[in-house]
Amino acid sequence: MTRRYSALSLFKEGLAGQTGWKQAWRSPEPKPTYDAIIIGGGGHGLATAYYLAKNHGITRVAVLEKGWIGGGNTGRNTTVVRSNYYYPESVELYGLAHRLYEGLSKDLNYNVMLSQRGMVNLCHSTAEMEIGARTVNAMQLNGIDAELFSSEDVRRVAPIYNFSPDARFPVFGGIWQGRAGTARHDAVAWGYARAASRLGVDIIQNCEITDFIVEGGRCRGVQTTRGAIRAERIGMAVAGHSSVLATKAGFRLPINSYALQACVSEPVKPILDTVVLSPGCGVYVSQSDKGEIVIGGGLDRVPSYAQRGNLPKLETVIAGLLEMFPIFGQLKLMRQWAGIVDVVPDSSPIIGPSPLPNLFLNCGWGTGGFKAIPSGGTLLANLLATGKHNDISRPFDLDRFASGRLIDEAAGSGIAH
Amino acid sequence: MQLFPCPFCGPRDETEFHYGGDAGNARPDGAEVPIESWTNYLYLRSNPKGTAREIWVHMSCGEFFVMERDTVTHKVLSSTALGGEHAA
Amino acid sequence: MSAARLATGGSAIDRSRPIRFSFDGASVDGFAGDTIASALLANDIAVVGRSFKYHRPRGIWGAGVEEPNALVDIGGPQASPNTRATTEPARDGLVAKSVNAMPNALSDRNAFLDRFARFIPAAFYYKTFMWPDWHMFEPRIRAMAGLGKVDTDWTSPGTADQVNHHCDVLVVGAGPAGLATARMAAGAGLSVTLVDDQREPGGSLGHRAGEIDGKPVAMWIEETVAVLTAGGHLILPSTTAFGIYDHDLVGLNQRHFDGRRDTLWRVRPRHIVLATGAIERPLPFANNDLPGVLSADAALAYLRRHAVLVGRRVVVATNNDSAYEVAAALAEAGADVTLVDIRRDGIPETPAKVRLVKGRALAAAMGRLRVEGVTLDDGTRLDADCVLVSGGWTPTIHLFGQAKGKLAWSGARAAFLPGDPVDGISVAGAAAGSVSLSEVFADARTAVAPLGPTTAALPRSTGPEATGGIVAAWPVPGSKGRIWIDYQNDVTVKDVELAARENFVSVEHLKRYTTLGMATDQGKTSNLPGLALMAGITGRTVPEVGTTTYRPPFTPVPLASFAGARVGELMAPVRRLPLESVHRESGAIFQEYGGWLRPAHYGGRGADTDRAIQDEALRARRSVALFDGSTLGKIEVIGPKAAAFVDFLYYNTMSTLKPGRCRYGFMLSENGVVFDDGVLVRLDEHRFVVSCSSSHVAAVHARLEEWRQDRFGRDAVYIHNATSDMATLTVSGPNARKLLETIDLGRSLDDADLPHMAIGHGSYGGDAVRIARVSFTGDRSYEISIPADRAEPLWAHLRQAGQAFDAVVIGLEALMILRAEKGFIVIGKDTDGTTLPHDLGSEGPRTKRQTEYVGRRSLFTEEASRGDRLQLVGLTVPSGEAPLPTGAHGIKRESGRLHSQGFVTSSYRSPTLGRPIALALIERGAARHGETIEVQHLGKVRTATIAAPCAFDPAGDRLHA
Ligand SMILES: Cc1cc2nc3c(=O)[nH]c(=O)nc-3n(C[C@H](O)[C@H](O)[C@H](O)COP(=O)(O)OP(=O)(O)OC[C@H]3O[C@@H](n4cnc5c(N)ncnc54)[C@H](O)[C@@H]3O)c2cc1C
Ligand SMILES: [Zn+2]
């Protein structure tokens, strides 16, 4: 039986017909009680379980997933990973994630294909260049590898961009992070699942939380489609469905759920080497290792739980894409989909205790939480293990809405996630 | 493309509308309202999965109205002007 | 020689119009009416491409949209990578190239990869390339990725049309089910739109036998089309319904083949009929991906439509009745046909000239670059140059799935069929699992029944009827050899077994782990066999495994169709000034500011830009400047509660304003942040004009409407956005009044009559004008608002009269310098999304106002009361130095690290002061005037001294000078 992944084991298995591999993760029956329960088998939930076991030695842990792991936004996103944020609080959070990502394949013994080919956020006017400078300077002060690109620099990394003089959104320059890039979304979910499972975590799929068990004013477990499961510490990481669970737990969150769409073209030979975002065109785009052009844009305009793409947004996003890269006018759209994202007024996540004691939150990542999976997991694990914030998670507590201390990247830098 | 019924103009494309928030989210007035009530009003949302009562504005005519719809099926259940008139 | 064109026949081709195109550099002959695939087959070109991962040789599999193998890059103005050869018409002069092959499909440099296949199974990349680092491997893997190539020299041949369309009934698919439904719906008096992705209507009737109402099918099709056309119904051939979206909006992509780009149709039907047919499945046997293994139905289509006989020695393998007609037809056409049926009993009569082997399945196909023979499961070897397979039929219910229709498993038909009905959607024909024409027409009747009585008769099948008789033949675990499930992405039975072994048993995990069904064909032939195999491995039934989600588009759709005319300026239109052309004549250089195209400066390009701007700013202070301020918001607030209304909307108390006067103030958001600033004008007791920032007009208007309707009531206040009704021309500078007094404005401009912050009414050339004495420059200024279409003569008059005063026309850049000299802010530039009014020095209302206003409570949160907030200041640097870069940060050193303490928001060289000026938001800045701080930009540090925001005429004397 082959457990460890490596070129050698792959070779040996090749000789043996690849028959010796074990389950990537176990699928046990749920036990009646655990030390900790994590609701949601997305990246954040699975990472939480892994770090609970790894960092805190707590292994009597269950991840309860209503469908199949990684089937939420983690498996639907456009996989941009970056940490060039404006506010120091954000930099701490996303910077931690970025560093963990850089060691993740080895840590998990699972190739998550972190591809650091850089990302440029374009500036289309003098005013945007000024904000770009403000942003880059802030990032550099925060210790981030940010650079202010001239239009010539942009031409160097994205030569096929529309540099024609009558482009609707001419390029004045951009904000560049060389360490930014993409990672393979499914691999992040599966890699964490496998590593957590090996440390003893139970990953239970097709197990939907239908209610909370509340006794003495505290959360003591959950009712699920596979029976009641009890624990003294419960974390939830259910992204766009956070309000649904919050309602069952008796509180409301500062969240609206929206469909965020993405689409890919048919696969073509390498043509675009970096991630390019144009705020004017409302599009960001990269090319996957399979060759598909991966296209993302803004939220749909109608709050929704319907997990599917629609036409009006697609049309404007594609129009923006062709303005950026007119030669993509040769390509065809292959697949279109959407995920339900949890949009918070300041577009920063919520990490911390919930109004219901024993229940802890990891949500509000909205359109940008894939890049934060390693830190989101680390922080929720810390909260579940210790019951307390650390310095990195503290600013992201739900209480910031009352204190007014929002962390609004768009307000500071004009760039949301 | 969803079709929303403006109580004044009839069914129009979703792109002509703008979402305005939960219906019935009353504003507490005053510099001294407890911060909890203010935060409730300003930030907390019911965000229901299923039937929702929401404020929308039809940007073409500028009128705000209450729309009931299902956030999963996208079926529109009713649409009422703030003054109480129903959509045709 | 195995595949060849027959001397006669071929319903689709026109032998009088030969064509010639190139494939992989070789020239290929064909006829008008050929597809690229049929012409390639006619020329016996067996290897047409390479598979994605193993670079296996691949031949044509199908004759339609399901094609997984035969993808070609089309060059030229109609360039289109990864085009399906099976649906692309062959055209004279067309240049096609195989994909994923170097130098060509036949001899691909990367073919060696197949020999390493066992070391690179599904998802192998997750298990390796970690040491030393993925970055070392990725470039080479990336270089292998992708199929077709993007032509980097291509320029767009134009934009795609987009059409909005309504009809009572949209029928998708013009086979027998679709045609019959359309005809009966038309007979019910409904407007019908009938679409089909093929060039000719008829669907399977184009190559399958049958007789309808006693006529040959071709005649029936023609007649039905004629009836529909005569009735004014719309028939769109070469048109694919690719998606059903919210509220039953159907997206269609129509092809033209005449150089025009495709057309996107957005159809809003009252009722949708899906008559989309079914797709033939492969059968599992080793090397079932070899060139020369084709869908049996496709072979029949090539024979009857294109007169192409796909092989001489043909083995037809089947598990159902539909292949019998194929075997008969090929034998009739001269092929030597062996029919291998897995079934023993209940099978149709053996066709003439066909050898039947029953109760047997294929075990393997043999051959290197194309089929040379097969072995049966009993070890028998048969020679063959072609293998035709029919593994049964998968109803095409993608659109039904997209519309959230639930599927129901039918064991008898070995397929998922449409389950519970979906409102407004019917499914008919093979898509509903029907086989015989009689069943198909019965479906048509059911589909039309809810739409009302029809005068059209139900067609009758009068010929031989097709039968199904399927016995499922799914891939099974433990099979010998390499059996392909997904041809394009190289997913084999072993890969599915591996996925199961590793617990990727959910159908979505299976798909993602193995990439099954994720190729350009989106699994049209592979999904069902794949999940049936997973069911077999895991001991579940097929419905227990379930299907993956159907996602649009049904087949790939050109990006250009979605973009339509939204190209260049139409992608995001700019707003334009009424006097734009006049400014252009004066040499204005335009730039976009907050959505408006405005003169940045007049004259001076490139290196001269800065000098031109400096000159404008300097001359403006010296004598008088003219400025087109038409973008300024002018929103009227009218009604009995207008005063209370503006009080609530503004941070500053406005109701105390006297009629005829103006007041500057802030509007806040409910979170307390300054949203807009500007001057409010009180025209009379119940009438105000909100002058908001140019880029905020729409948002301010929306906000006013919201509060009006939500809090004040429609009857209490009325709001009218008059921004584009009026042009606003500004005259500013020490000589502003003198200049204006040379023009008859129908009123006195005396300071007693029109003091600073007052407005007056006058007239010009018979038009009423409004004159506001408000100043964004710090100099005496007059903003004259005149109906937009009457602005031109006044502007000309001002310019002409200005000559006597050395008046200068200034653009927005000079204005920005003038206002910055005064410390006047621009919201969004000198503020950010956290700036509260007291950060800008406006503390009064916050501490003193007793009445309610928008954003009030938020000004008293913990955060709003912090002592270390960023506050508006000026920054000075020694006069010889360059201006501070906008965006530079003030820095401080704390615990060995640099921290930001705010940033420069505006920075210019002031020609009047002869030194740089800057505005900044700095921590506790208001109390730190005179303090010198370090300022960092892109790693370089300078020093600057904190000062009051206003650097010029702090006492404001020039307003009255
Ligand atoms: C189209 C799109 C593009 C994106 N692009 C990017 C990007 O480029 N970069 C980036 O950083 N981020 C991106 N994001 C955001 C990112 O995907 C998410 O923030 C992140 O994946 C959230 O991870 P999660 O684990 O919190 O949520 P999810 O992955 O959604 O996991 C939540 C899980 O909870 C489960 N669940 C819900 N309710 C229940 C219940 N009652 N019981 C049990 N289980 C339940 C769900 O089934 C789901 O599996 C994108 C998102 C989308 C939709
Ligand atoms: Zn309306």
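How many residues does the contact take from chain C and from chain B? It takes 25 residues from chain C and 27 residues from chain B. Contact here means heavy atoms within 4.5 Å.

This is a predicted model, in which local features need pLDDT of at least 70, side-chain atom pairs count only at pLDDT 80 or more, and totals for chains, interfaces and linings use all residues. Residues are numbered from 1 along each chain as its sequence is written, chains are lettered from A in the order in which they are written, and side-chain values use heavy atoms, without hydrogens or water.

Start with the area. About 2000 Å² is buried between chain C and chain B, and carbon and sulfur atoms give 48% of that. Buried area is the accessible area (1.4 Å probe) that two parts lose on being put together, summed over both. C:His247, C:Arg714 and C:Arg857 supply 33% of what chain C buries against chain B, more than any other three residues.

Now the pairings. The rule finds 5 salt bridges across this interface. Each is a side-chain nitrogen of Lys or Arg within 4 Å of a carboxyl oxygen of Asp or Glu. B:Arg27 and C:Glu670 meet in a salt bridge at 2.5 Å, N to O. On chain C, helix α17 (residues 697–712) gives the most to the side touching chain B, with 7 residues. Helices are DSSP runs of H or I, at least four residues, and strands are runs of E, at least two, numbered from the N terminus.

Finally, a record. An unreviewed UniProt entry annotates residues 871–953 of chain C as "domain: Aminomethyltransferase C-terminal"; such annotations may be inferred rather than shown by experiment. This stretch is 0% helix and 59% strand. Its end C-alpha atoms are 21 Å apart.
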